[in-house]
Amino acid sequence: MRTVANDPVDAVLAAGLKDLWYPICPSGFVAERPVSLRRLGRKFVLWREASGKLHALEDHCPHRGAPLSKGIVLGDRIACGYHGVQVRFDGVVTSVPGSPGCKLEGAKATRSFHVQEAAGAIFLYNASKDVDQPPPLELPPELTAPEYSNFLCYAEWNGDYRYVLDNVLDPMHGTFLHKQSHSMAEGESTAAFRVRDTDTGFVFEKEGQRGVNFDWTEYAETGIQWMRLEIPYPKTGGPGGNFIIIGGYAPMEEGATAVFFWRVRKVEGWQRDTWRFLYKNRLEARHWHVLEQDREILEAMEPDANQREMLYQHDMGIVRLRRHLRGLAKAQIAAAEEKTA
């Protein structure tokens, strides 16, 4: 998706809305060494203390701008690899070995960010300004409640993350793009759709068809933007009822998206063990095949494809979401202008 020139709203959306939680990488990406990640229009450095506690700063040393990710972890601090300047997890410079006592020491000179781990992923609060305490990370119950079991599928796709949002909010594509899938061969190839509001967002669903194919998608905001859908499963797919997918997405840099799909079923006890065994040994490869179909079609779309569309009734959900996101971006721009006025 090509950012529209001179459109401040589009520029905000391209980098990612502020003051929201975003998944930025699987937990396993950050081990004993600092890691640099480009996400949400910035470059971050993430590291762990020996206890496993996670921290995140902008990957920029306030002295000369060298990447802190090339430095050395010292517990809750990083020592820049260029001149040894030590920056604490809250962005405060605690030591300047080359010039002790200089004005840089004690200054909060680097942006710090709150991070939290859940459901096998690292989430970052994309604050518009430094905050002492972010709002709580509220994920859907499928990722937090004990009666659910999930696996995280993570990928990095070429293209704007908004095309990924459009794709997930398009149940009709399952009937065509994924028609050879073991779980998406059923149902009508024509359908009428409706939008149904919820307390946290809306559901875009087929009228008169439920539990047959990819029949609906829910978009929700709970301090984090996430999407939910269900795919009916044949009995050969094991226990747990419908197969649930929770989606989260983060812009990396222009033309790249971090994609998170949690594959979930509602299972406990021996059924939980059976489902997890079936997933790893039989179902996971099929699911990656379906994701590859999505990736290939989205990466093949031209960056300006959304500027040359002829939408119809099946696209009501996409239109609703695009308008909503633009409204949020406009509100953020207005709030920023009011503060600087």
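## A guided tour of the predicted model

The structure holds zero disulfides, a disulfide being a pair of cysteine sulfur atoms within 2.5 Å. In general, a disulfide is a covalent bond between the sulfur atoms of two cysteines. The model is predicted, so local features need pLDDT of at least 70 and side-chain atom pairs count only at pLDDT 80 or more, while totals for chains, interfaces and linings use all residues. Residues are numbered from 1 along each chain as its sequence is written, and side-chain values use heavy atoms, with hydrogens and water left out.

Select C80 together with C61. C80 takes part in no disulfide, and its nearest cysteine sulfur, that of C61, is 3.8 Å away. C80 has a relative accessible area of 5% and is buried; buried means under 20% relative accessible area, exposed means over 50%, and partly exposed lies in between (1.4 Å probe, protein chains only).

Next, select C153 and C25. C153 is also in no disulfide, the nearest cysteine sulfur being that of C25, 16 Å away. With 2% relative accessibility, C153 counts as buried.

**Second stop: the annotated domain**

Select residues 21-124. An unreviewed UniProt entry lists this range as "domain: Rieske"; UniProt positions are given in the numbering used here, feature names are shortened, and annotations may be inferred rather than shown by experiment. Over residues 21-124 the chain is 0% helix and 43% strand, and the end C-alpha atoms are 5 Å apart. Helices (H or I, at least four residues) and strands (E, at least two) are DSSP runs, numbered from the N terminus.

Most residues other than glycine have a negative phi. Select D19, in the loop between helix 1 and strand 1 (21-26). The phi of D19 is positive, near 60 degrees, although D19 is not a glycine. D19 is partly exposed, at a relative accessible area of 34%.

Then select A119, in the loop between strand 10 (115-118) and strand 11 (121-125). A119 is not a glycine either, yet its phi is positive at about 50 degrees. The relative accessible area of A119 is 21%, and A119 is partly exposed.

Select P251, which lies in strand 17 (residues 243-253). Is P251 buried or exposed? P251 counts as buried, at 4% relative accessibility. Leaving aside neighbours within four places in sequence, P251 is in contact (heavy atoms within 4.5 Å) with residues including A14, Y22, R39, L40 and Y161.

**Last stop: helix 1 against helix 5**

Two packed helices are described by the angle between their axes and the distance between the axes. Select helix 1 (residues 8-15) and helix 5 (residues 316-340), whose axes come within 9 Å and cross at roughly 105 degrees. Axes are lines fitted to C-alpha atoms, for helices over the stretch in contact, and angles run from 0 to 180 degrees between N-to-C directions. Helix 1 is therefore roughly perpendicular to helix 5; angles under 35 degrees count as roughly parallel, over 145 as roughly antiparallel, 65 to 115 as roughly perpendicular and the rest as oblique.

To display the contact, select P8, V9, D10, V12 and L13 of helix 1 with L325, R326, A329, K330, Q332 and I333 of helix 5. The residues of this contact divide into seven nonpolar, one polar and three charged. Ala, Val, Leu, Ile, Met, Phe, Trp, Tyr, Cys and Pro count as nonpolar, Asp, Glu, Lys and Arg as charged, and the others, Gly among them, as polar.
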